[in-house]
Amino acid sequence: MASLWCTPVQCEGAEAQTLTWSQSSLRSTFIKLRRSVMLIQKHWRGYYCRRNFMAMRTGFSRLQAVYQARKLRSRYHRARESMIRFQTRCRGFLVRKASRHRLWAILTIQAYTRGMAARRLYRRLKGEVSGRRATTTTTYFYIERFPCREDVPKPLCAW
């Protein structure tokens with residue numbers, strides 16, 4: 001008997017037609033199966049690649065979102081620290097300015113108070129001296145320049 005895969009030239013007679021028919025039938029079945037398998041593989045590979053691509057795209061999107069959030073958070077913290085430093089410096093400047101103003105006000109009040117005390121003392125001394133003025137100018141000189149000294153007579157002492 002001839003082999004199942006013989007060509008019509010190798011086979012003779014009726015047997016050749018049967019083998020040729022079965023061979024062509026087998027070949028067409030094989031080709032159909034092969035095409036079906038290739039179609040199934042094509043669809044499976046497409047689905048598998050799409051699924052992997054979608055998973056990768058989702059992963060990359062999440063990774064980008066995490067990166068952007070971390071970047072935004074660090075920018076926020078840097079800006080916040082800068083604003084806090086700026087506020088601290090502004091408040092320090094304003095406190096120093098107010099302190100300088102208060103010091104100026106204190107010194108001004110002290111100056112006016114001391115001036116007023118000095119003018120009072122001057123008026124009092126002037127009144128005492130004019131009331132008891134000695135005839136000689138040397139006594140007046142000593143009272144004004146050296147009050148309460150040993151060499152100045154006691155009744156003429158201003159203090």
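Tyr47 is partly exposed, with a relative accessible area of 39%, where partly exposed sits between buried (under 20%) and exposed (over 50%), using a 1.4 Å probe and protein chains only. Trp44 falls in that class too, at 48%. The model is a predicted one, so local features need pLDDT of at least 70 and side-chain atom pairs pLDDT 80 or more, while totals for chains, interfaces and linings use all residues. Numbering runs from 1 along each chain as its sequence is written, and side-chain values use heavy atoms, leaving out hydrogens and water.

Rings of Phe, Tyr and Trp (its six-membered ring) pair up if their centres lie within 6.5 Å; planes under 30 degrees apart are stacked, over 60 edge-to-face, and the rest tilted. That rule gives two aromatic pairs. With ring centres 5.5 Å apart and planes at 45°, Trp44 and Tyr47 make a tilted pair. Both sit in helix α1, three residues apart, or about one turn of the helix. Ring pairs tie Trp44, Tyr47 and Tyr48 into a cluster.

Helix α1 spans residues 13–131 and also holds Phe60. The chain has two helices and zero strands, taken as DSSP runs (H or I, at least four residues; E, at least two) numbered from the N terminus.

As for burial, 10% of the 159 residues in the protein chain are buried. Of the contacts (heavy atoms within 4.5 Å) with a separation of 6 or more, 14% come from residues 24 or more positions apart.
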